[in-house]
Amino acid sequence: MAEPPLVIDLDGTLLRSDMLHEASLRFAKRSPWRIGSLFGWLTRGKAHLKEQLARQTPFEVEHLPYDPEVIELIEQHRSRGTSVVLATATHRLHAEKIAAHLQVFDRVFATEHDCNLGSKAKRDLLVREYGEKGFDYAGNAHADLFVWASANRAYVVRPHSGVERRAMALGNVVRVFKSDDHPLKNWLKALRLHQWLKNLLLFVPLFAAHLAGDPQQLLQVVQAFLLFGLCASSVYILNDLLDIDDDRRHPRKCTRPFAAGKLSIRAGLLVFPVLLAASFIGAWLLLPPLFSVAMLAYYLLTLAYSLGLKRVMAVDVITLGLLYTLRIIAGAFALGLQPTFWMLAFSLFIFLSLALIKRYAELREARELGKTGQASGRGYFPADLEMISSIGTTSGYLSVLVLALYIQEISHTALYRYPAIIWLACPLLLFWVSRTWFLTHRGLMHDDPVVFAAKDRISLITGALFALVFWLAV
């Protein structure tokens, strides 16, 4: 006697994501001025919303986060000659595209016209097609409980909270696929707390103004650091959501929590505005108004970068340089200070060099993989490596020149007792810029350059010596 067909759910089961959220996100990214249309379509029913999204938001399905264990379950049944069916509340246009890509399904049932194929509607269709207890079913959500109740055998895949207990009570569960994800670990990764290292730039004006010994001023900057970190983490989550397609095609970024389906798009869309609101409310209550202005400029520029500036040659790296510089400006505003010309000029040149290092490392990797076309989501080609290297090293050396001119300027002031000692900082900076670019040329730059510097022993020693020079000059 032939085995009953194995019916596979898509969202949250075969796919470690939700196609409605995927399509809505892409629609909002492509047409942000039309976000209101989503609510208008939803008032006419979920099926209408899904159909409009499917027709207006086509996208590639090859890099979606499919669950390898569910794929293995399908292959096991197919090897025994069992019919395998995809039954999903996703719209038919998307479901059939996924089925055509995977080529493991004999039939596809999906949402179309006015019928949203979820929960009881899916159960009723499967019972009509195969009879009560005439099919096996793999799902993950509360809505699947109705389908499992009419299935012969039930497969529970990384269930939502409370689903496993209720499914087991049905008495036909033969296997539960446990999740090996650690939500806290994934959230910490999504928040990119290690990137908060960049926000240490907010302390630069504190030390440059010789105010580090003032507890009140130090507290101001610590508060600014924490609030700026919340804002930055909000930006990182939003950026990961907007970049989800590009990240899935990247050899390393594909493991990011949202790209890999370890965190849901819905959760990201809920968390990022909460973090953003907390950062600005805290800034408004605790710090001078100009700090909020600087943080708002940082947020808007980052958003513009994510939505389009990162794809524009040269504009992208200048924007990254400005984002670093805005951190220093924010630190000055937190203290009620005005950033100096020398600080801004030095920051812009050194951080432009670091941004170009990041681009160079990405393009070098692409060229080693044999790619000659335009980098995904960027405005560069691997053939641009030499030009990027030339501009990047020049920018780094210009920051040394700015430092030297600054030393000449302060030699006539009382800010430092021994300003001549600061000249020792110039060869230290020349060494670090040169060494960093040499390592990048050799393919040894695998991190963001700021994060690399925080992990690299020689960079840390160089930074300590750099700080010591300024301390001795005071």
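The following paragraphs lead the reader through the structure, from the chain as a whole to selected residues.

The structure is a predicted model, in which local features need pLDDT of at least 70 and side-chain atom pairs count only at pLDDT 80 or more, while totals for chains, interfaces and linings use all residues. Residues are numbered from 1 along each chain as its sequence is written, and side-chain values use heavy atoms, with hydrogens and water left out.

The chain contains 20 helices and 6 strands; helices (H or I, at least four residues) and strands (E, at least two) are DSSP runs, numbered from the N terminus. The C-alpha trace spans about 95 × 50 × 40 Å along its principal axes. Of the 474 residues, 51% count as buried. Here, buried means under 20% relative accessible area, exposed means over 50%, and partly exposed lies in between, with a 1.4 Å probe and protein chains only. The accessible surface of the chain comes to about 22200 Å², and 64% of this surface belongs to carbon and sulfur atoms. Such areas come from the Shrake-Rupley method with a 1.4 Å probe, and for residues only the protein chains shown count as cover. Among the contacts in the chain with a separation of 6 or more, 64% are accounted for by residues 24 or more positions apart; a contact means heavy atoms within 4.5 Å.

The charged side chains come next. The chain has 50 positive and 40 negative side chains, and the centres of the two sets lie 3 Å apart. In this count Lys and Arg are positive and Asp and Glu negative, whereas His and the chain ends are not counted. The place of a charge is taken as NZ of Lys, CZ of Arg, CG of Asp or CD of Glu. The structure holds 26 salt bridges, each being a side-chain nitrogen of Lys or Arg within 4 Å of a carboxyl oxygen of Asp or Glu.

One of these salt bridges joins Glu 51 and Arg 55, at 3.1 Å from N to O. Because Glu 51 and Arg 55 are 4 residues apart in helix 3 (residues 46-56), about one helical turn separates them. Glu 51 counts as buried because its relative accessibility is 16%, whereas Arg 55, with a relative accessible area of 54%, is exposed.

A further salt bridge is formed by the side chains of Arg 153 and Asp 136, at 2.8 Å from N to O. This pair links distant parts of the chain: Arg 153 is in the loop between helix 7 (145-150) and strand 5 (154-157), and Asp 136 is in strand 4 (residues 136-139), 17 residues apart. Arg 153 has 25% relative accessibility and therefore counts as partly exposed, while Asp 136, at 0%, counts as buried. Salt bridges that share partners join Glu 3, Arg 80, Asp 136 and Arg 153 into one network. Elsewhere, Asp 247 and Arg 256 meet in a salt bridge of 3.4 Å, N to O, and Asp 247 counts as buried at 3% relative accessibility.

Two further residues illustrate buried positions. Leu 326 lies in helix 15 (residues 315-334) and is buried, with a relative accessible area of 13%. Not counting residues up to four places away in sequence, Leu 326 touches Ala 294, Ala 297, Tyr 298 and Leu 301. Thr 57 is found in the loop between helix 3 and helix 4 (68-79) and counts as buried because its relative accessibility is 1%. Leaving aside neighbours within four places in sequence, Thr 57 is in contact with Ala 23, Arg 26, Phe 27, Arg 30 and His 94.

Most residues other than glycine have a negative phi. Arg 158, although not a glycine, has a positive phi of about 40 degrees; Arg 158 lies in the loop between strand 5 and helix 8 (163-168) and counts as buried at 14% relative accessibility. Arg 192 likewise has a positive phi, near 50 degrees. Arg 192 is found in the loop between helix 9 (183-191) and helix 10 (204-208) and is buried, with a relative accessible area of 10%.

Ile 461, Leu 465, Leu 468, Trp 471 and Leu 472 make a nonpolar surface patch of about 500 Å². Patches are made of residues with over 30% relative accessible area and no salt bridge, like charges being joined within 9 Å and nonpolar side chains (Val, Leu, Ile, Met, Phe, Trp, Tyr) within 5 Å. Trp 471 lies in helix 20 (residues 457-473) and counts as exposed because its relative accessibility is 62%.
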